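Please keep the sequence and the model at hand while reading.

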Amino acid sequence: MTEEKKQALPILEMKGVSKAFGGVQALDDVSLQVFEGDVLGIIGPNGSGKTTIVNSITGFIRPSSGQIFFRGREITGKKPHRIADMGVTRTFQVMRPYYSLPAFKNLVISLCSPRARRTGGWRGGGRLGDRKTVAIDILEEIGFERDSHIPFKITSTLPTGYLKRLELARCLSLKPEIIICDEVFSGLSMSEIASMVPLIQRLQDDGITIVMIEHRLRELFQVANRVMVLNFGSKLIEGTPDQVMADERVKEAYFGSEKVEEVMTYA
Ligand SMILES: Nc1ncnc2c1ncn2[C@@H]1O[C@H](COP(=O)(O)OP(=O)(O)OP(=O)(O)O)[C@@H](O)[C@H]1O
Ligand SMILES: [Mg+2]
């Protein structure tokens, strides 16, 4: 991290956040700072609390204790629509599009939101134009081929790769400041993942701060400048991809033993 960034206020911050579900301590005193322009990776074994972090930040659950700030303003426990309206958006690990509608109509719906109307959507410069046109423009930008019928297909008939892109498109319709991606590469083929990596880089170039929860480490480490490792709801380590991969505790906790070398050839 540069000196400049260290001195800047984090765009997103968690301070000592804990969350218990009955007897399960899903998050235990997790603190985290995300700076503007970061691509922060969050990794950790299944059940380590990654999605609980996303749900806490975006208002889908209320932490048992601790605080969350966006641009210095406390957002702990605010409603999801209020947090989204500030530009803090997320994808869902278990996708939730309107399956019975054509793909573009999913975006037309999110473009009805107050933030989209105010901002004009991704790349919009003020008031929103024709919703259908903006929806199809956004879909085209993120990989729904121009002149294909794909944006008009019923969502339930689309392959997973398009559904993942639709999740990102839904975030982009709000002209987001932050996108928290909860496993956007999961369920995709190697070639689909390879084509998603430049898209994530383009979003970063566009000035969007990104938090990526991911099991696909090779691809994550191509885009992330910092990585946090969670284990049993606690932060194990945070650092550059190289620092994290070199940490013995990470190797033990996350990768097990024999597959370490295989997983670590990520360059
Ligand atoms: N709504 C809930 N009610 C009860 N327990 C929950 C709930 N949500 C999460 N948990 C539990 O909290 C722990 C953390 O879950 P979480 O979904 O955050 O993990 P994760 O790191 O996202 O896992 P995965 O890699 O499988 O997506 C798990 O033990 C999970 O079973
Ligand atoms: Mg999860």
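In this predicted model, an oxygen atom of ligand 1 is 3.0 Å from an N or O atom in the side chain of Asn-46, a polar contact being a pair of N or O atoms within 3.5 Å.

| Side chain | Distance to an oxygen atom of ligand 1 |
|---|---|
| Asn-46 | 3.0 Å |
| Gln-93 | 2.8 Å |
| His-215 | 3.3 Å |

Taken alone, ligand 1 exposes 640 Å², of which the protein buries 60%, with areas from the Shrake-Rupley method and a 1.4 Å probe. Around ligand 1 there are 14 residues, the closest being Gly-47, Lys-50, Thr-51, Thr-52 and Gln-93, where a residue is counted if one of its heavy atoms lies within 4 Å. Helix α2 provides the largest share of this shell, three residues, while β2 (24-34) also supplies at least two.

Helix α2 (residues 50-57) is largely enclosed by the rest of the structure, because seven of its eight residues are buried, that is, under 20% relative accessible area with a 1.4 Å probe, protein chains only. Among these buried residues are Lys-50 and Thr-52. Just after α2, Gly-59 takes a positive phi of about 85 degrees.

Residues are numbered from 1 along each chain as its sequence is written, and chains are lettered from A and ligands numbered from 1 in the order in which they are written. Because the model is predicted, local features need pLDDT of at least 70 and side-chain atom pairs count only at pLDDT 80 or more, whereas totals for chains, interfaces and linings use all residues, and side-chain values use heavy atoms, leaving out hydrogens and water.

Key
Buried means under 20% relative accessible area, exposed over 50%, partly exposed in between (1.4 Å probe, protein chains only). Helices (H or I, at least four residues) and strands (E, at least two) are DSSP runs, numbered from the N terminus. A polar contact is a pair of N or O atoms within 3.5 Å; within protein, one must be able to donate a hydrogen and the other to accept it, and residues adjacent in sequence count only if both atoms are side-chain atoms.
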